[in-house]
Amino acid sequence: MEAVLESEAPRGALRNTAKMTARGVSVYYGDTKALKDVDLDIGENQVTSLIGPSGCGKSTFLRCLNRMNDVIDICRVEGDITLDDIDIYRSGLDVVQLRARVGMVFQKPNPFPKSIYDNIAYGPRLHGIAESKAELDDIVELSLTKAGLWDEVKDRLLGPGTGLSGGQQQRLCIARAIAVNPEVILMDEPCSALDPIATAKIEELIDELRQNFTIVIVTHSMQQAARVSQRTAFFHLGVLVEVGETEQLFTNPRDERTQGYITGRFG
Amino acid sequence: MNSLLLIAILLVLSSVGYAFGQRRARVVSGGHPSTLHSRPQYYGLYVALWCGIPSLLLMAAWLIIEPHVAEWLLVSNLPADAQQLSPDRLSLLVNDIENLASGNIVSREVDPVLQAAADGYKAVRQIGNAAMAAAAISLAVLGLAFARRRIAPSLRARNLVERTVSVLMILASTIAILTTIGIVLSLAFEAWRFFARVPITEFLFGLSWSPQTALREDQVGSSGAFGAVPLFAGTLMITFIAMCVAVPIGLFSAIYMSEYASPKIRATVKPMLEILAGVPTVVYGFFAALTVAPFIRNSGEAIGLDVSSESALAAGAVMGIMIIPFVSSLSDDVMNAVPRSLRDGAYALGATRSETIKQVVFPAALPGIVGSVLLAMSRAIGETMIVVMAAGLAANLTANPLEAVTTVTVQIVTLLVGDQEFDSAKTLAAFALGLLLFAVTLALNVVALHVVRRYREKYD
């Protein structure tokens, strides 16, 4: 297997630091093929950004990585996706375990209608991570601190999570995702509902989180992709057009569709 | 003139006014409607409102005042000796004269004085009605002319029309509130008369209910008892049994329909469940009395229990089935309204479907679910027919669901059915029961609202 990869490595392959790999992934919604034969590796402790015009399949691809597409009845996924060399679509795999390892942050902040504390504690309680109340308190504090929200909310942990501002809510959702201590965090346009200042805070946060987590982010903003990610993949019409080091892709794209997109000629 | 005919004329005038106003606005604008402040329709409506509202108000005022004026005239025209009568007898006389004038049956000999007074009264009313019709029509025409003259490009017709419409809406909502107040007051006054006969403490805390009043001192069974406790105990027990049936079944089917069922199944199952709400309660009554009650009695006997053939259990169970759709349909709707993003958030943290429902969807939908349960409950408390047929009339104070009990609504019905005198404690008790029932359901609603507000988890 290794030898095959070495000799005829697909475009999206990384040599040895891949946390997740996708090979020949196609996604169908009913009869429509939304994603066509995508090969892409996700580097460990790296930020990988997925860019491309609306409807290009980048969010669909992201949702394949923690099998969120399972929730949609008409959606069908083909191909292989592995996490630490384990096929996540093999039968008998526990989706719950997978999602505990691959967390997700959504486009629109979606805190649960519970207190800030309960929002963070939700995941740990679900998976029985904390042994005691004190340990749970620690997890909540640590997650909020990592998400840069602790100082703002420490005095109102029992207040409603929905009472926070949009940017705070999104950081709350990130803290919630961190609290179950995942290995990979998927972010689906996490800043598209936020103002520039909140966006800057989240981008800073993403950069810090890279130390401990592998991050995949879908974004519409090419500046954001350039700022936060080390590796960028460009999707167009359900096809992975080009993938490479972020700097290389933005300064010296190999494909002319990529060139057209990043210079703003379409999309 | 007939009031209906007059109203029709006024409406026709108003629509003429609408057409006039619209045309006038076009003319005033000099063929450029865009120079007008509002669209021409609003000028039309403006004229129509000026034409219709004042004249209709005049008419309404007249309909309220006119009988009093006519009666006052009638009394002042009566011979002096008639005017000396006591108020009660005078009002009887006036009643007779009015009846004579309108051609109804009269309770005394018709003498020339009476006939003259009736004729006079008739004439007064005719003249009055004709004058009112003339006044209303001329007011309408005046209003039309006035409004039409005021039309100018700078007239803010839209603002005026919208303000009038909003006043109308306020009036409409006030009517609903006033009606409620009226109902409560009418109950309260009758209940007051009841409490003048039976002490309120006996009514509220008395443990036996046997509503009868003696005609003679020595009558058999003359002692009546008006303790409402057995009735409310019966009502609460039957409601409790009904809720025990309806809430679990309703909630589980709601969860199944909104979370597990495919859209196709949901589209079939939901309307089928809702059919239950459309079955007439009398039919449920048959079902309870002829099928469920004997079944319960037989199965009770089989395991050695003594079950009466009319039992609270039978009535409560059937009532529970009747209100299942209230719980299931509404709960299903509110759970469907919980945003998908919340479910996604839970799934992304590794929650299973059932965990998501228990911990995210259900709490978020709780206020609506409580609302649906409350609606079902007030339905159960107010339900009469099933209980009449299946639970019986015996006011037993018991906690045993296998015995016959009766409810507040059933007793109200039996108290008011048939020929009744409206000044005996027996009849008036119905109003006191109604008032108390109203107070209980109101209190339940207030408590539930409070609970919902306290524990609600707001999304969005």
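Student: How far apart are the end C-alpha atoms of helix α10 of chain B, and what should its 22 residues span? Please describe this helix closely, and then its chain.

Tutor: The model is predicted, so local features need pLDDT of at least 70 and side-chain atom pairs count only at pLDDT 80 or more, while totals for chains, interfaces and linings use all residues. Residues are numbered from 1 along each chain as its sequence is written, chains are lettered from A and ligands numbered from 1 in the order in which they are written, and side-chain values use heavy atoms, with hydrogens and water left out.

Helices are DSSP runs (H or I, at least four residues), numbered from the N terminus. Helix α10(B) covers residues 281–302, and its end C-alpha atoms are 30 Å apart, which agrees with the 32 Å that its 22 residues should span at 1.5 Å a residue. The expected span is 1.5 Å times one less than the number of residues.

The helix also has a kink of about 40°, centred on Ala288(B); the bend at a residue is the angle between axes fitted to the seven residues ending there and the seven starting there. Ala288(B) is also one of the buried residues of α10(B), which include Tyr284(B), Val292(B) and Ile296(B). Buried means under 20% relative accessible area, exposed over 50%, and partly exposed in between (1.4 Å probe, protein chains only). The buried residues of α10(B) pack against α9 (263–278), α11 (312–336) and α14 (385–390) of chain B. Just after the helix, Gly304(B) takes a positive phi of about 80°.

Another helix of chain B is α6, residues 157–197, with 41 residues. From its first C-alpha to its last, α6(B) reaches 60 Å, close to the 60 Å expected. Among the buried residues of α6(B) are Ala157(B), Leu187(B) and Phe194(B). Elsewhere in the chain, Cys51(B) counts as buried, at 1% relative accessibility.

Chain B also meets chain A: 22 residues of chain B are in contact with 23 residues of chain A, where contact means heavy atoms within 4.5 Å. The area buried between the two chains is about 1800 Å², of which carbon and sulfur atoms give 61%. Buried area is the accessible area (1.4 Å probe) that two parts lose on being put together, summed over both. The count between these chains is one salt bridge, that is, a side-chain nitrogen of Lys or Arg within 4 Å of a carboxyl oxygen of Asp or Glu. Asp344(B) forms this salt bridge with Arg63(A), and the closest N and O atoms are 3.9 Å apart.

Notes:
Helix = DSSP H or I, 4+ residues; strand = E, 2+ residues; numbered from the N terminus.
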